[in-house]
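Hello,

Here is the structure I promised to pass on to you. My notes follow below it, so please have the model open while you read.

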Amino acid sequence: MARQSGYDRHITIFSPQGRLYQIEYAIKCAQTASGLTGVAVRGADACVLVTQKKVADKLIDPSSVTHIYKVTEKIGVLMTGLTADERAQVTRLRYEANEFKFNYGYDMPVHVLAKRIADLCQVYTQQASLRALATICVLAAIDDEKGPQLFKVDPAGHYWPYKATAAGTKEAEASNWLEKKVDELAGYDTAKTIQCGIMCLQSVLSADFKGAEIEVAVLAGKDRFRKLNDAEIDDHLTA
């Protein structure tokens, strides 16, 4: 992205067109930095998070490489962007969720957590001493009252509920693929929801995966956040 005659030097300065270039750069970085694509799908009774898994170096322990994190027993998050920023954001998500439970005595609803973290991201667009975190996070949970819920939060502080969404390098292609399925999603059971997420990723990346090459996390019914192991992923790939 070309330099915009000084307006991109400072996070709090608007350009004459009303744009904050530093925040646009942060969003661009969040989409492209990791080189990965993630997909989240909301079915009738489940939410599924699916993303690629690439280990940068053979010397790194593969079990330590992840872009899907547990926030609480009932909330999971799919992150794309800079790994260090992702971990900082996840730490803040966990802090906010546990602080809420300590203060009010019940689990923090996912829509409240999404709003809280979006508010924090928005504050980062105003203060000169803070750098916006280059992460896009997709929060998933089974809400006690509303059922399966998906929320996406970007570095600017936007947050919206989604039926299905994508983030990362192939976000546009994955979103187009999911738009064609959107009318069917409400009728999908857990297995069908998982397979929809995997199929979307395979389709946009034009690749056949092995179980170790993707990560899949499921929140279904009364179940808590759970990551599928390689054998379970292989079963769904075969199906």
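Tyr-159 touches His-111, Ala-114, Lys-115, Ala-118, Phe-151, Lys-152 and Val-153, once neighbours within four places in sequence are set aside. Please keep in mind that this is a predicted model. Tyr-159 sits in strand 7 and is partly exposed, because its relative accessibility is 29%. Gly-187 is 28 residues away from Tyr-159 along the chain, and their C-alpha atoms are separated by 25 Å.

Lys-152, one of those contacts of Tyr-159, belongs to strand 6 (residues 147-153). Is this lysine buried or exposed? Lys-152 counts as buried, because its relative accessibility is 10%. What do its side-chain polar atoms meet? A polar contact of 3.4 Å links the side chain of Lys-152 to that of Thr-165, and a polar atom of the Lys-152 side chain lies 2.7 Å from the backbone oxygen of Ala-166. Beyond four places in sequence, the contacts of Lys-152 also include Ile-136, Val-138, Trp-160, Tyr-162 and Glu-171.

Next, helix 3, which runs over residues 110-123.

In soluble globular proteins, nonpolar side chains tend to be buried together. The largest nonpolar core here has 25 residues, and the members that touch the most others are Val-39, Leu-178, Ile-194, Ile-214, Val-216 and Val-218. Two or more residues each come from strand 1 (37-42), strand 2, strand 8 (164-168), helix 4 (171-181), helix 5 (190-205) and strand 9 (214-220). Helix 5 gives the largest share of this core, with six residues. A second, separate core has 22 residues, including Ile-75, Ala-97, Ala-114 and Cys-121.

Ile-214 is worth a look. Not counting residues up to four places away in sequence, Ile-214 touches Thr-51, Gln-52, Lys-53, Ile-198, Leu-201, Phe-209 and Ile-233. Thr-51 itself lies in strand 2 (residues 46-52) and counts as buried, because its relative accessibility is 1%. A polar atom of the Thr-51 side chain lies 3.2 Å from the backbone oxygen of Thr-37. Other contacts of Thr-51 include Gly-38, His-67, Ile-68, Leu-78 and Glu-215.

Finally, the aromatics. How many aromatic pairs does a search of the whole structure find? It finds three. One of them joins Phe-100 and Tyr-104 in a tilted arrangement, 4.7 Å centre to centre with 50° between the planes. The two are separated by about one helical turn, because they are four residues apart in helix 2. Phe-100 is buried, with a relative accessible area of 11%, whereas Tyr-104 is exposed, with 55%. Together with Tyr-106, they form one aromatic cluster.

Best wishes

Notes. Residues are numbered from 1 along each chain as its sequence is written. This is a predicted model: local features need pLDDT of at least 70, side-chain atom pairs count only at pLDDT 80 or more; totals for chains, interfaces and linings use all residues. Side-chain values use heavy atoms; hydrogens and water are left out. Buried means under 20% relative accessible area, exposed over 50%, partly exposed in between (1.4 Å probe, protein chains only). A polar contact is a pair of N or O atoms within 3.5 Å; within protein, one must be able to donate a hydrogen and the other to accept it, and residues adjacent in sequence count only if both atoms are side-chain atoms. Contact means heavy atoms within 4.5 Å. The expected span of a helix is 1.5 Å times one less than its number of residues. A nonpolar core is a set of buried Ala, Val, Leu, Ile, Met, Phe, Trp, Tyr and Cys residues joined through side-chain atoms within 4.5 Å. Rings of Phe, Tyr and Trp (its six-membered ring) pair if their centres lie within 6.5 Å; planes under 30 degrees apart count as stacked, over 60 as edge-to-face and the rest as tilted.
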